[in-house]
Amino acid sequence: MARHKLSEEEKIARRAAKKQAYDIVAKHLKHLTFAELEDVIALSYRCKKEKLGKEELRLIKEKEEIEQQLLKLKELDAI
């Protein structure tokens, strides 16, 4: 599946949206209590672990597919 190549305008818009979101979060973190900050940190760690877990599963599946293709090629080569 081919990915859509972003134009320069789309790249600039994404960067601006990301920076704006970061600024909003940073501004509001100043008003949180320590308990709320701990909750935010715990949530961010959990999200990061979930993202890494999904990426790891994707890579494992891709590795298995490549190994199966290699086995098929070896079988064809043996014939």
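Hi everyone. Let's begin with charge: the chain carries 19 positive and 16 negative side chains, and the centres of these two sets lie 5 Å apart. Please keep in mind that what you see above is a predicted model.

Now for the overall build. How many helices and strands does the chain have? There are 2 helices and 0 strands. The helices are α1, residues 8-29, and α2, residues 34-78.

What about the overall shape? Along the principal axes, the C-alpha atoms fill a box of roughly 70 × 35 × 10 Å. A compact globule of 79 residues would have a radius of gyration near 12 Å, yet this chain has 22 Å.

Next, the surface. Of the 79 residues, 0% count as buried. The accessible surface of the chain is about 8,300 Å², and carbon and sulfur atoms account for 61% of that.

Let's take a look at helix α2. The number of buried residues in α2 is 0, so the helix lies largely in the open.

Back to the charges, because some of them pair up by the salt-bridge rule, a side-chain nitrogen of Lys or Arg within 4 Å of a carboxyl oxygen of Asp or Glu. The count comes to 4 salt bridges. I'll walk you through some of them.

Start in helix α1. E8 pairs with K11, and their closest N and O atoms are 3.7 Å apart. Along the helix, E8 and K11 are 3 residues apart, about one turn. K11 is partly exposed, at a relative accessible area of 33%.

Stay in α1 for another pair. Which residue forms a salt bridge with D23? The partner is K19, with the closest N and O atoms 3.7 Å apart. D23 and K19 are separated by about one helical turn, because they are 4 residues apart in α1. Are these side chains buried or exposed? D23 is partly exposed, with a relative accessible area of 36%, while K19 counts as exposed, at 53%. The cut-off for exposed is over 50%, so K19 passes it.

Now move over to helix α2. Here the side chains of R58 and E62 meet in a salt bridge, at 3.0 Å from N to O. R58 and E62 are 4 residues apart, which again is about one turn of the helix. R58 is partly exposed, at 40% relative accessibility, and E62 is partly exposed too, at 36%. Salt bridges with shared partners link E55, R58 and E62 into one network.

To wrap up, picture 2 helices, 0% of residues buried, and 4 salt bridges.

Definitions and conventions:
Residues numbered from 1 in each chain as written. Predicted model: local features only at pLDDT ≥ 70, side-chain atom pairs only at ≥ 80, totals over all residues. Heavy atoms only, no water. Rg over C-alpha atoms; globule rule 2.2 N^0.38 Å. Buried < 20%, exposed > 50% of the residue type's maximum accessible area, 1.4 Å probe, protein only. Areas by Shrake-Rupley, 256 points an atom, 1.4 Å probe, with all protein chains shown as cover. Lys, Arg positive; Asp, Glu negative; His and termini not counted. Charge placed at Lys NZ, Arg CZ, Asp CG, Glu CD.
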